[in-house]
Amino acid sequence: MEDRWTLYMIECADGTFYTGIARDLERRLSQHGTPRGAKYTRGRGPFRLRYTETDLTHSQALSRERQIKTLSRQEKENLWK
């Protein structure tokens with residue numbers, strides 16, 4: 001059986017959003033404030049988890065990540081409002 005992936009969006013302390021995918025969301029979120037985190041999020045913490053989509057295949061997660069990254073700020077906020 002294929003590994004399942006989670007798509008997630010966090011809000012950085014500066015109000016910007018970061019969207020990514022992970023197999024282990026809890027571990028990945030803990031990495032974001034460290035050098036093992038995404039380059040974009042370094043120095044932008046603390047973070048607030050805003051949105052998730054779970055139980056995706058890797059292909060689905062990548063596709064959805066690309067879709068979300070093209071959304072406007074308002075469209076992204078509408079995902080959890």
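The exercises below work through a predicted model of a protein chain.

**Exercise 1. Overall build**

Task: State how many helices and strands the protein chain has, and in which pattern they follow along the sequence.

Solution: 
- Step 1. The secondary structure of the protein chain consists of 3 helices and 3 strands.
- Step 2. Along the sequence these elements give the pattern β-β-α-β-α-α.
- Step 3. The radius of gyration is 12 Å, close to the 12 Å from the globule rule for 81 residues, so the protein chain is as compact as a globular protein of that length.
- Step 4. Along the principal axes, the C-alpha atoms fill a box of roughly 40 × 30 × 20 Å.
- Step 5. Contacts can be sorted by sequence separation: of those in the protein chain with a separation of 6 or more, 57% are between residues 24 or more positions apart.
- Step 6. As for cover, 38% of the 81 residues count as buried. The accessible surface is about 5,200 Å², and carbon and sulfur atoms hold 47% of that area.

**Exercise 2. Strand 1 and its partners**

Task: Determine whether strand 1 is enclosed or open, and identify the strands that bridges join to strand 1.

Solution: 
- Step 1. Apply the cut-off for burial, which is under 20% relative accessible area.
- Step 2. Sort the residues of strand 1 by direction. Trp-5, Leu-7, Met-9 and Glu-11 point one way, Thr-6, Tyr-8 and Ile-10 point the other way, and all are buried.
- Step 3. Look at the pairing. Strand 1 is joined to strand 3 by 6 bridges, and the two run antiparallel. Trp-5 has Leu-56 of strand 3 as its bridge partner.
- Step 4. Strand 1 is also joined to strand 2 by 6 bridges, again antiparallel. Here Thr-6 stands opposite Ala-22.
- Step 5. The hairpin of strand 1 and strand 2 has 5 residues between the strands, and in it Gly-15 takes a positive phi near 90°.

**Exercise 3. Helix 2 and its buried face**

Task: Check the length of helix 2 (residues 58-69), and find which of its residues are buried and what they pack against.

Solution: 
- Step 1. At 1.5 Å a residue, the 12 residues should span 16 Å, and the end C-alpha atoms are 17 Å apart, which agrees.
- Step 2. Ala-61, Glu-65 and Ile-68 are the buried residues of helix 2.
- Step 3. Viewed down the helix axis, these buried residues fall within an arc of 70°, so they line one face of the helix.
- Step 4. Turned away from the buried side is a face with the exposed residues Ser-59 and Arg-66.
- Step 5. The packing partners of the buried residues are strand 1 (5-11), strand 2 (17-22), strand 3 (48-56) and helix 3 (73-78).
- Step 6. Take Glu-65 as one case. Its relative accessible area is 13%, so it is buried. Residues up to four places away in sequence aside, Glu-65 touches Leu-7, Thr-19, Gly-20 and Ile-21.

**Exercise 4. Backbone exceptions**

Task: Locate the cis peptide bond, and name the residue other than glycine with a positive phi near 60°.

Solution: 
- Step 1. The bond that joins Gly-45 and Pro-46 is cis, with omega about 5°. Pro-46 sits in the loop between helix 1 (25-31) and strand 3.
- Step 2. Asp-55 has the positive phi, near 60°. Asp-55 belongs to strand 3.

**Exercise 5. Two residues compared**

Task: Classify Thr-52 and Arg-23 as buried, partly exposed or exposed, and list their contacts beyond four places in sequence.

Solution: 
- Step 1. Thr-52, in strand 3, has a relative accessible area of 34% and is therefore partly exposed.
- Step 2. The contacts of Thr-52 are Thr-6, Leu-7, Tyr-8 and Leu-25.
- Step 3. Arg-23 lies in the loop between strand 2 and helix 1. Its relative accessible area is 52%, so Arg-23 is exposed.
- Step 4. The contacts of Arg-23 are Asp-3, Arg-4 and Trp-5.
- Step 5. For C-alpha distances, Arg-23 and Glu-2 are 21 residues apart along the chain and separated by 11 Å. Thr-52 and Thr-70 are 18 residues apart in sequence and 17 Å apart in space.

How values were computed
Residues numbered from 1 in each chain as written. Predicted model: local features only at pLDDT ≥ 70, side-chain atom pairs only at ≥ 80, totals over all residues. Heavy atoms only, no water. Helix = DSSP H or I, 4+ residues; strand = E, 2+ residues; numbered from the N terminus. Expected span 1.5 Å × (residues − 1). Buried < 20%, exposed > 50% of the residue type's maximum accessible area, 1.4 Å probe, protein only. Arc of directions from axis to C-beta. Contact = heavy atoms within 4.5 Å. Rg over C-alpha atoms; globule rule 2.2 N^0.38 Å. Areas by Shrake-Rupley, 256 points an atom, 1.4 Å probe, with all protein chains shown as cover. Pairing = 2+ DSSP bridges.
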